[in-house]
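Grab a pencil and work through these exercises with the model open beside you.

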Protein chains: 2
Amino acid sequence: MIDSIWTNAEKKIARRVFDTAVEREFSHLISEFKSKAASTTDTETLWDIRDWLNKRQSEIDGEFDYRYSQLIFVFANLIRTRKINIDDLAGISEQKLAEILFLTER
Amino acid sequence: MIDSIWTNAEKKIARRVFDTAVEREFSHLISEFKSKAASTTDTETLWDIRDWLNKRQSEIDGEFDYRYSQLIFVFANLIRTRKINIDDLAGISEQKLAEILFLTER
């Protein structure tokens with residue numbers, strides 16, 4: 001049973017880790033976008049970039065879901081995709097950390 | 001009554017004028033896109049650019065409709081928006097030119 005009750009102290013840690021990961025994701029997205037845009041020479045590429053942006057927005061919306069009921073899954077996924085480390089979450093309960101680690105191995 | 005019967009000679013002229021206008025439109029679009037992209041620093045701007053691309057695609061699809069039943073209207077609109085000149089269409093029938101000019105004034 002996933003522990004979705006977060007104390008205030010845990011919420012602060014979660015928020016910081018989450019926000020940092022979102023910022024990093026957006027920063028990569030913008031760099032990648034600018035690089036793609038700079039090398040655009042035809043409209044086919046242009047519409048491909050537009051479609052890619054739609055896809056990325058949908059992926060990011062799914063990946064970064066800050067609901068306390070989802071955070072354990074979100075952090076497990078972010079660890080699995082190497083976007084955060086388990087150490088970043090130091091300070092949250094042992095049970096939550098164990099749940100997250102368990103999910104990263106599935 | 002709009003004349004939507006195009007002779008082969010007229011079709012050649014129409015196609016050339018149309019294709020040149022489309023190419024110019026796409027060239028402007030790509031330049032504008034690259035300029036917008038280069039100055040992107042946040043995701044709000046990124047999604048605005050994506051929305052702008054969607055809007056521009058829809059506008060361009062409506063504006064450049066190469067159906068012989070629509071060409072008189074399409075050319076009238078392109079003249080009204082100064083994307084082509086009536087002289088570009090030299091060689092098509094007097095009736096068509098008159099219809100186009102009539103529509104540009106409406």
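Buried area here is the accessible area (1.4 Å probe) that two parts lose on being put together, summed over both. This is a predicted model, where local features need pLDDT of at least 70 and side-chain atom pairs count only at pLDDT 80 or more, while totals for chains, interfaces and linings use all residues. Residues are numbered from 1 along each chain as its sequence is written, chains are lettered from A in the order in which they are written, and side-chain values use heavy atoms, with hydrogens and water left out.

**Exercise 1.** Work out how much area chain A and chain B bury between them, and what holds the interface.

Step 1: the two chains bury about 1800 Å², with 72% of that on carbon and sulfur atoms.

Step 2: look for salt bridges (a side-chain nitrogen of Lys or Arg within 4 Å of a carboxyl oxygen of Asp or Glu). Between chain A and chain B there are zero.

Step 3: Eight residue pairs across chain A and chain B qualify, both residues at pLDDT 80 or more.

**Exercise 2.** Which helix supplies the largest share of the side of chain A that touches chain B?

Step 1: helices are DSSP runs (H or I, at least four residues), numbered from the N terminus. Helix H1 (8-38) and helix H2 (43-63) of chain A each bring at least two residues to that side.

Step 2: H2(A) takes the largest share, with eight residues.

**Exercise 3.** Find the salt-bridge partner of A:Lys83.

Step 1: the whole structure has 18 salt bridges over all chains.

Step 2: A:Lys83 pairs with A:Glu63, their closest N and O atoms 2.7 Å apart.

Step 3: A:Lys83 sits in the loop between helix H3 (71-80) and helix H4 (94-104) of chain A, and A:Glu63 in helix H2, 20 residues apart.

Conventions:
A polar contact is a pair of N or O atoms within 3.5 Å; within protein, one must be able to donate a hydrogen and the other to accept it, and residues adjacent in sequence count only if both atoms are side-chain atoms.
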